[in-house]
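Me: I am new to this structure and would like to go through it slowly, one question at a time. Could you show it first?

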Amino acid sequence: MFNLKEVKAHCDVPCGIYDPSAAQIAALSVIRMVDLMNAATNEHDVAYHNDMARYVAVKESEAIKCKEEIRIIWGDFIKPPHLAMHPDIHTIVHNIMMLGGAAKQHASREKAMELLAEVNKFAEIFWKIKGVETKVVKSPYAPNEDVVYPVL
């Protein structure tokens with residue numbers, strides 16, 4: 001129909017529309033679900049089981065979302081010059097993938113906090129690549145943990 005000989009594309013979305021904030025929110029959500037699971041009581045009540053099932057389902061989906069968001073930025077945005085400036089980014093991404101899996105397997109606040117810490121490291125590098133200064137602030141919602149945000 002169009003008689004095209006060659007088509008080229010290099011990313012999933014229009015260039016420059018990447019942001020690690022969705023991964024950070026997902027990591028915060030994992031922490032929040034673990035906190036809610038640890039605070040749950042009255043295991044003989046049907047509401048407890050309902051709540052626990054929901055917390056686990058959300059924890060699982062948010063851990064997957066966190067990994068997916070980082071994987072997209074790492075795979076589509078990060079280029080060889082970025083790797084030369086930040087050679088530790090592969091290790092950080094690998095840690096996020098492993099900790100995201102651990103967040104699904106366990107209900108460990110410690111592992112969930114490690115996940116957020118690695119995502120924050122990734123976010124700091126991402127914004128540095130974009131030439132944007134960052135700051136560390138408490139998230140404005142539970143679990144009120146530190147998050148790296150761009151200074152806009």
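**Helix packing, step by step**

Me: Which residues of H1 and H2 meet each other?
Reply: In this predicted model, the H1 side of the contact is made by Ala22, Ala23, Ile25, Ala26, Ala27, Ser29, Val30, Met33, Val34, Leu36 and Met37. Facing them in H2 are Met52, Tyr55, Val56, Val58, Lys59, Glu62, Ala63, Lys65, Cys66, Glu69 and Ile70.

Me: How many nonpolar residues does the contact of H1 with H2 have?
Reply: Sorted by class, this contact of H1 with H2 holds one polar residue and four charged residues. The number of nonpolar residues in it is 17.

Me: Are H1 and H2 roughly parallel or roughly antiparallel to each other?
Reply: The axes of H1 and H2 lie 8 Å apart, and the angle at which the two helices pack is about 155°. Angles over 145 degrees count as roughly antiparallel, so the description that applies to H1 and H2 is roughly antiparallel.

Me: How far apart are the end C-alpha atoms of helix H1, and what span should its residues have?
Reply: Helix H1 runs over residues 21-39 and has 19 residues, which at 1.5 Å a residue should span 27 Å. The end C-alpha atoms agree with that expectation, since the distance between them is 27 Å.

Me: Which elements do the buried residues of H1 pack against?
Reply: The buried residues of H1 include Ala23, Gln24, Leu28, Ile31 and Met37. What the buried residues of H1 pack against is helix H2 (46-77), helix H4 (89-105), helix H5 (109-129) and strand S2 (146-150).

Me: What span should the 32 residues of H2 have, and which elements do its buried residues pack against?
Reply: At 1.5 Å a residue, the 32 residues of H2 should span 46 Å, and this agrees with its end C-alpha atoms, which are 46 Å apart. Among the buried residues of H2 are Tyr48, Met52, Cys66, Ile73 and Phe77. The buried residues of H2 pack against H1, helix H3 (80-85), H4 and H5.

Me: Is alanine 53 buried or partly exposed?
Reply: Alanine 53 has its place in helix H2, and its C-alpha atom is separated by 13 Å from that of asparagine 38, which is 15 residues away along the chain. The relative accessible area of alanine 53 is 48%, and a residue counts as buried under 20% and as exposed over 50%. Alanine 53 is therefore partly exposed.

Me: Are H2 and H4 roughly parallel or roughly antiparallel to each other?
Reply: H2 and H4 pack with their axes 8 Å apart, at an angle of about 165°, and H2 passes H4 in a left-handed crossing. By class, the contact of H2 with H4 has nine nonpolar, three polar and five charged residues. Given that angle, H2 and H4 are therefore roughly antiparallel.

Me: Is asparagine 120 buried or exposed, and which residues is it in contact with?
Reply: Asparagine 120 has its place in helix H5, a helix of 21 residues that reaches 30 Å from its first C-alpha to its last. With a relative accessible area of 9%, asparagine 120 is buried, since buried means under 20%. When neighbours within four places in sequence are left aside, the residues in contact with asparagine 120 are Gln24, Asp146, Val147 and Val148.

How values were computed:
Residues are numbered from 1 along each chain as its sequence is written. This is a predicted model: local features need pLDDT of at least 70, side-chain atom pairs count only at pLDDT 80 or more; totals for chains, interfaces and linings use all residues. Side-chain values use heavy atoms; hydrogens and water are left out. Helices (H or I, at least four residues) and strands (E, at least two) are DSSP runs, numbered from the N terminus. The expected span of a helix is 1.5 Å times one less than its number of residues. Buried means under 20% relative accessible area, exposed over 50%, partly exposed in between (1.4 Å probe, protein chains only). Contact means heavy atoms within 4.5 Å. Axes are lines fitted to C-alpha atoms, for helices over the stretch in contact, and angles run from 0 to 180 degrees between N-to-C directions. Angles under 35 degrees count as roughly parallel, over 145 as roughly antiparallel, 65 to 115 as roughly perpendicular and the rest as oblique. A crossing is left-handed if the near helix is turned anticlockwise from the far one by less than a right angle, and right-handed if clockwise. Ala, Val, Leu, Ile, Met, Phe, Trp, Tyr, Cys and Pro count as nonpolar, Asp, Glu, Lys and Arg as charged, and the others, Gly among them, as polar.
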